[in-house]
Amino acid sequence: MLVSGNRLIGAPILSMQAAGQIASIESAIVDPDTLKIIGFKLSGPLIAKSAANILDVSSIREYSRYGCIIDSADELVERDDVVKIKKVLDLNFDLLGLKVETKKGSKLGKVSDFTVTDDNFTVQQIIVKRPALKALIDPELTIPRKEIIEITDYKIIIKDEEKTIKEKAAKEDFIPNFVNPFRKNEEFAEIKKD
């Protein structure tokens, strides 16, 4: 199932040991190399005093509409405990707000949201908010993962949109090869008169 990245923010972290909520998700830690969420920064009154406020996604038993279910608060780690998470946090990478451009340099907008799979938290799509003038025609673009060519510190580069526009035009030019029997048609009217 696909889950919106914005929907993850604020989602409760439920502990089986505590039989309730121990924290909530503050932000996602996205690895720019794989476009996969590798952890979550957490906040909440039960962990406010502790330096262990990061949840590695491998510790999540299940994600459901109630939140992320983990075994216990012992699953939470500190910033320096997991090398991969520390490296990504040191990059200070945030997927939200990145500019999106085509390979030819055409500016499409900024990332406003993304969708991930609920089983391994891999980013499947990015949602791009368009600039003011382009937003009149199309306020948002949904770009699938396979269209992304490169991710830098400041922008995401995708394949050129000309190919996508040509594919859309070909679909719009499609004319169905069936006759709607409920539509008034002169040929049918003449047949009935005879």
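Two strands count as paired if DSSP finds at least two bridges between them. Strands (E, at least two residues) and helices (H or I, at least four) are DSSP runs, numbered from the N terminus. The model is predicted: local features need pLDDT of at least 70, side-chain atom pairs count only at pLDDT 80 or more, and totals for chains, interfaces and linings use all residues. Residues are numbered from 1 along each chain as its sequence is written, and side-chain values use heavy atoms, without hydrogens or water.

An open sheet of 7 strands runs in the order S6-S7-S2-S3-S4-S5-S8, with mixed pairing. Strands S6 (62-64) and S8 (76-77) form the edges; each has a single partner strand, so one side of each lacks a neighbour in the sheet. S3 and S4 pair in the antiparallel sense over 7 bridges. Isoleucine 29 has glycine 39 of S4 as its bridge partner.

Nonpolar cores were defined as sets of buried Ala, Val, Leu, Ile, Met, Phe, Trp, Tyr and Cys residues joined through side-chain atoms within 4.5 Å. Buried means under 20% relative accessible area (1.4 Å probe, protein chains only). The largest nonpolar core holds 38 residues, of which Leu95 and Ile126 touch the most other members. Elements giving two or more residues to this core include S3, strand S4 (36-43), strand S10 (107-117) and strand S11 (123-129). Leucine 95 touches Leu35, Val111, Phe114, Val123, Ile126 and Ile156, with residues up to four places away in sequence not counted. Contact here means heavy atoms within 4.5 Å. Another core, of 7 residues, lies apart from the largest one and includes Ile29, Ile38, Val77 and Ile85.

Technical notes: Buried < 20%, exposed > 50% of the residue type's maximum accessible area, 1.4 Å probe, protein only.
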